[in-house]
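Subject: A structure to look through

Dear colleague,

I am handing over a structure for you to look at, and my notes come after it. Please keep it open beside this email as you read.

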Amino acid sequence: FFKTEIPEGLRRLPGPKPLPIIGNVLEVGSKPYLSLTAMSKRYGDVFQIQIGMRPVVVLSGSETTRQALIKQGDDFAGRPDLYSFRFINDGKSLAFSTDQAGVWRARRKLAYSALRSFATLEGTTPEYSCVLEEHVCKEGEYLVKQLNTVMRADGSFDPFRHIVVSVANVICGMCFGRRYDHDDQELLSLVNLSDEFGQVVGSGNPADFIPLLQFLPSKTMKRFQDINTRFTAFVQKIVTEHYTTFDKDNIRDITDSLIDHCEDRKLDENSNVQMSDEKIVGIVNDLFGAGFDTISTALSWSVMYLVAYPEIQERLYQEIKDEVGLDRTPLLSDKPKLPFLEAFILEIFRHSSFLPFTIPHCTSRDTSLNGYFIPKDTCVFINQWQINHDPELWKDASTFNPERFLSPDGTELNKLEGEKVMAFGMGKRRCIGEVIARHEVFLFLAIIIQKLQFSAMPGEPLDMTPEYGLTMKNKRCHLRATMRSRDEH
Ligand code: HEM
């Protein structure tokens, strides 16, 4: 109803003309990563759409995104107040809530240090460099056995269904000091719901922007609220048990270390950021949620690509066979010897761009970018998919080709090229689990490729079309895995 005043010297944001009430919802459609990438070709790296009545700025291009998230990091570090975010972790999520900058910064620091100290803790035996490596090796070996058993019983397996339990067990080990059986119904029913969680919080969900939709009965929204309630109850039960058995002299896991922080803080008269115990201990909820869904999705896509490109699968197996051998489990220290596997992982992140947008950002003050005025409290989408498919940055961007990350003779990883891939965001809101995630994806893949050969079910074509969401999943499907025999080749 009124036009924003544009300060002198700055320009009004370009973008498609919105329709009354719905704005540009129809043009954005069900695959926003494609529609908004197409719009960036027309309107440039910084443009504005309207979802419902609410303006949203969309950022593309590596340089523009770097300028916003790193050089002007404070201006773009907020989170918008979106309807669906209020249901996550009772509105107290570290990643999704609209915490004041000081509170968010203090919580992020705590989360980061708890995560790092429990990942780098010594393993129980000297063969492992750290407890993360120990958890992943044990779960990876267990996953291989599990897939073999399922194959014998059913003749096929659903990759996400089994991978998600192994990955959840690694983060459960660090957060809660426990693991679950692959048939544990409580964990299974929780972790297998993550597809529906991502579909609601993916950038551009109309219900987040059009208040009227929030009052209409919606099955999806009801399910989403139900998932969040169950998720919070699951974690709360474990946290309560931790409070009962807490011993200051024996900090067992991340939950204990957060409880310990609450106790210390009460004694610290200089503590200047006011935070409830709930907000501190609630951090474990974010770590657990972010720690299984993203990595399981990366691994599930990896298995799909192995099946889609059998010659790449064979080359990866040969690399592991030659450099690690078949007599021991691969370790993190094998990384420098496996450049093709590293290149394969980078190409999975780039080509699938399964996190097509970061979590939405929000401007914390009036600002400008590339000469355009952006008012305070504007919701900002960052199009990672566009950066990973930008023809200015990538030759034959739509081709899946891990070799693009190798030196010309194929023996070394080209690190500079790898840094162009955008999967973890950048700047102040950059993912805090990145190092753990990269280690886990590497190790799980090395272990399963060493032991198993994956293929499609005869007569069942592979469907690589992603299902849109915060993390885009492959469609649930059935594949085959056969044990590699030792004297193969
Ligand atoms: C945030 C990617 C694994 C914890 C994010 C963001 C992305 C991302 C794109 C949003 C950045 C932004 O808003 O600009 C990934 C990918 C992963 C992964 C691709 C795996 C392949 C993990 C793991 C953990 C984790 C294993 C923890 C155990 C978090 C947290 C945030 C976050 C807490 C919120 C940070 C904040 O809002 O300040 N991640 N992530 N992530 N990630 Fe990850």
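Predicted model: local features only at pLDDT ≥ 70, side-chain atom pairs only at ≥ 80, totals over all residues.

Residues are numbered from 1 along each chain as its sequence is written.

The chain holds 18 helices and 10 strands, which are DSSP runs numbered from the N terminus (helices are H or I, at least four residues; strands are E, at least two). The radius of gyration, taken over C-alpha atoms, is 23 Å, close to the 23 Å from the globule rule (2.2 Å times the number of residues to the power 0.38) for 489 residues, so the chain is as compact as a globular protein of that length. Buried residues make up 42% of the 489 residues, where buried means that 20 or more other C-beta atoms, placed from the backbone, lie within 10 Å of the residue's own, exposed means 12 or fewer, and partly exposed is in between.

Helix H14 covers residues 310-323, and within H14 the residues Gln313, Leu316, Tyr317 and Ile320 are buried. They cover an arc of only 100° around the axis (counting the directions from the helix axis to the C-beta atoms), which puts them on the same side of H14. An α-helix has 3.6 residues a turn, so residues three or four places apart point the same way. On the other side of H14, Glu311, Gln318 and Asp322 are exposed.

Around the ligand there are 25 residues, the closest being Gly291, Thr358, Gly425, Cys431 and Gly433; a residue is near a molecule if its C-beta atom, placed from the backbone, lies within 6 Å of it. Helix H13 (283-308) is one of the helices that each supply at least two residues of this shell, and H13 gives the most, with 7 residues.

Finally, Ile21 has a positive phi of about 65° although it is not a glycine, and Ile21 lies in the segment before helix H1 (25-28). Ile21 counts as exposed because it has 10 C-beta neighbours inside 10 Å. Asn89, also not a glycine, has a positive phi near 50°, but Asn89 counts as buried, with 23 C-beta neighbours inside 10 Å.

With best wishes

Technical notes. Expected span 1.5 Å × (residues − 1).
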